[in-house]
Amino acid sequence: MEWLSDNVLQHLREVSEMPDPPGARYRIGEQLGRGGMGVVYRAHDSELQRDVAMKVLSIGDADAERMRREARVLARIEHPGIVPIHDVGTLEDGRVFYTMKLVRGARLDAYCRQSHSIPDLLRLFQRICEPVAFAHAQGIVHRDLKPENIMVGQFGEVLVLDWGVARVLSESELDGPVMGTKQYMAPEQSAGANAQIDGRSDVYSLGKILQFLIAAPAKPLQSIARKASAAAKDARYSSALAMSEDVGRYLDGLPVLAHPESILDRSRRVLGHNKTLVALILAYLLMRILLFLYSRT
Amino acid sequence: MDTDTRIGGGDGRFPDTRHSAIEAARSGVAADRAVAHETIVAAYWKPVYKYIRIKWKSSNEDAKDLTQGFFLRALEKDFLDRYSAENGSFRTYLRVCLNGFLANERKASQRLKRGGGAILLALDFTTAEGELLQIDVAQDDSPDRYFAREWTRSVFEIALVGLREQCAVHGKQIHYSLFERYDLAEEDQRGTYAALAGEFGLTTVTVTNHLAWVRREFRRIVLEKLRELTVSDREFRSEARALLGAEL
């Protein structure tokens with residue numbers, strides 16, 4: 001009987017799981033990642049002569065319909081912040097696959113390990129809100145927003161990935177198994193109350209993502225994140241766009257809706273945002289005082 | 001070193017049934033039970049023996065006796081009847097029971113009373129012992145992880161015997177040779193498809209196609225074996241993910 005070393009064992013597991021697409025169109029390359037439902041490979045589309053990403057349902061995962069549903073959801077929401085889908089099909093062994101644009105870049109969690117200024121991260125956050133808001137406008141809730149499902153492309157573009165557990169609001173869904181990632185999941189989602197899930201459930205996750213992005217946020221940013229991830233759905237922003245706009249107000253030095261200001265807060269904000277102007281005024285006043293004193297002598 | 005006695009049935013033949021061996025072992029038909037026992041022992045004896053040796057730090061001789069004793073206990077009907085797929089995989093159930101058995105045996109120190117050291121099942125411990133010398137056991141390997149990896153190794157080894165036979169029956173010895181030279185080789189000896197093509201007098205595309213065929217066959221045989229070793233569809237799917245999916 002063959003004896004298999006650990007390395008050979010691992011190699012056998014990988015090649016056994018490797019997809020075997022029908023026909024000669026796709027040539028499978030290395031594994032790019034693994035999610036809850038499937039494995040993503042680099043594949044070469046020999047007809048169109050380009051590399052694509054191929055997501056294949058994991059062996060043993062019975063939920064082929066969920067995979068097809070994800071493909072349909074992706075096909076329905078065309079947005080620069082959502083990876084376009086090219087093709088969907090079934091392997092000879094019955095596993096469902098789909099191909100999509102191959103995104104080159106870094107996952108948000110990896111991207112954040114590099115040094116970035118707070119305004120840059122906030123602008124990035126606003127770009128995350130855009131495709132989410134667009135999907136909400138199409139009646140689709142992502143339900144699994146987290147840094148691992150967000151990709152920052154080579155040109156700074158942001159792509160929201162993994163729509164495998166997305167909910168189409170027009171389709172009824174019974175309360176049932178909890179899908180998503182606990183740390184970023186809204187309370188109504190954790191409770192398995194699927195009927196109560198709407199765009200504000202994603203807003204909750206966005207609040208958690210904002211907390212992840214900014215390690216030591218200023219008070220207004222803390223208030224924005226707190227409001228977004230409030231336990232009560234009605235206390236959250238009504239939409240991802242409303243949250244993004246509040247972040248935009250902070251960036252523009254305006255008062256944010258989530259943070260009621262005291263006079264001291266307001267002064268600090270105005271001073272903080274108009275440093276150059278304040279410095280010029282102070283310099284001018286100092287000069288006037290010096291001139292005044294000089295004229296007295 | 002002794003020859004491998006392969007208690008999984010003669011020389012580890014390709015399983016010709018997709019029925020659950022666990023279910024058959026619980027049936028009232030003696031002939032079915034005997035075949036099912038062989039299947040279960042064939043897949044699990046090595047992981048059990050190695051687990052006792054490594055994770056319970058037992059001596060070679062103690063581990064042999066304990067393995068024999070455990071399987072005699074595990075093949076009793078009430079032991080199998082108590083297993084429910086609702087509560088997890090059979091693999092986990094077996095390992096949990098093994099832990100309980102070993103704890104009791106240690107406490108009672110009764111191992112020799114069981115059979116006075118007589119061989120009860122024809123298990124090739126010499127081969128298993130030789131394999132232990134070739135495996136580096138990671139210090140942080142949890143008992144569950146260790147058992148799962150040894151179980152995967154055991155199932156794959158059985159599947160490979162079936163695969164070799166299938167290739168021989170269908171006249172695909174070249175396919176198997178390519179598989180052996182590429183997929184069963186250590187990484188530093190693997191070479192390239194082009195080199196294999198040159199060596200076997202084939203085109204690179206043919207090598208690619210042959211390997212794809214053998215891998216597909218291998219996966220099919222592994223999954224059929226797994227079907228035998230599980231009870232419910234849910235358990236089968238979950239174990240398939242563990243066997244071929246996430247990293248061990």
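1. In this predicted model, an open sheet in chain A is built from three strands in the order 6-8-9, with antiparallel pairing. Its edges are strand 6 (105–107) and strand 9 of chain A, each of which pairs on one side only. Averaged over the sheet and with direction ignored, neighbouring strands are turned by 25° against each other.

2. Within that sheet, strand 6 of chain A is joined to strand 8 of chain A over three bridges in the antiparallel sense, and Gly105(A) stands opposite Gly153(A) of strand 8 of chain A.

3. Helix 4 of chain A lies across strand 8 and strand 9 of chain A, and runs at about 40° to strand 9 of chain A. The helix covers residues 118–137, and its 20 residues reach 28 Å from the first C-alpha to the last, close to the 28 Å expected at 1.5 Å a residue. After helix 4 of chain A comes Gly139(A), which has a positive phi near 80°.

4. Which residues of helix 4 of chain A are buried? They are Leu122(A), Phe125(A), Ile128(A), Cys129(A), Pro131(A), Val132(A), Ala133(A), Ala135(A) and His136(A). The cover over the buried residues of this helix includes strand 7 (140–141), strand 8 (150–153) and strand 9 (158–160) of chain A, together with helix 6 (199–213) and helix 8 (240–251) of chain A.

5. Elsewhere in chain A, strand 4 (residues 85–90) and strand 5 (residues 96–101) pair in the antiparallel sense over five bridges, with Thr99(A) in strand 5 of chain A as the bridge partner of Asp87(A). These two strands of chain A form a hairpin with five residues between them, and in the turn Gly94(A) has a positive phi of about 95°.

6. The contact between the chains takes 21 residues from chain A and 28 residues from chain B. On the side of chain A that touches chain B, the classes are nine nonpolar, six polar and six charged residues.

7. In chain B, the axes of helix 9 (residues 173–182) and helix 11 (residues 204–228) come within 9 Å and cross at roughly 90°, which means that helix 9 of chain B is roughly perpendicular to helix 11 of chain B. From helix 9 of chain B, Ile174(B), His175(B), Tyr176(B), Leu178(B), Phe179(B) and Tyr182(B) meet Val207(B), His210(B), Leu211(B), Trp213(B) and Val214(B) of helix 11 of chain B. By class, the residues of this contact divide into nine nonpolar, two polar and no charged.

Note on methods: Residues numbered from 1 in each chain as written. Chains lettered and ligands numbered in written order. Predicted model: local features only at pLDDT ≥ 70, side-chain atom pairs only at ≥ 80, totals over all residues. Helix = DSSP H or I, 4+ residues; strand = E, 2+ residues; numbered from the N terminus. Expected span 1.5 Å × (residues − 1). Buried ≥ 20, exposed ≤ 12 C-beta atoms within 10 Å, placed from the backbone. Contact = placed C-beta atoms within 7 Å. Pairing = 2+ DSSP bridges. Axes fitted to C-alpha atoms, helices over the stretch in contact; angles between N-to-C directions. Nonpolar A, V, L, I, M, F, W, Y, C, P; charged D, E, K, R; others polar. Parallel < 35°, antiparallel > 145°, perpendicular 65-115°, else oblique.
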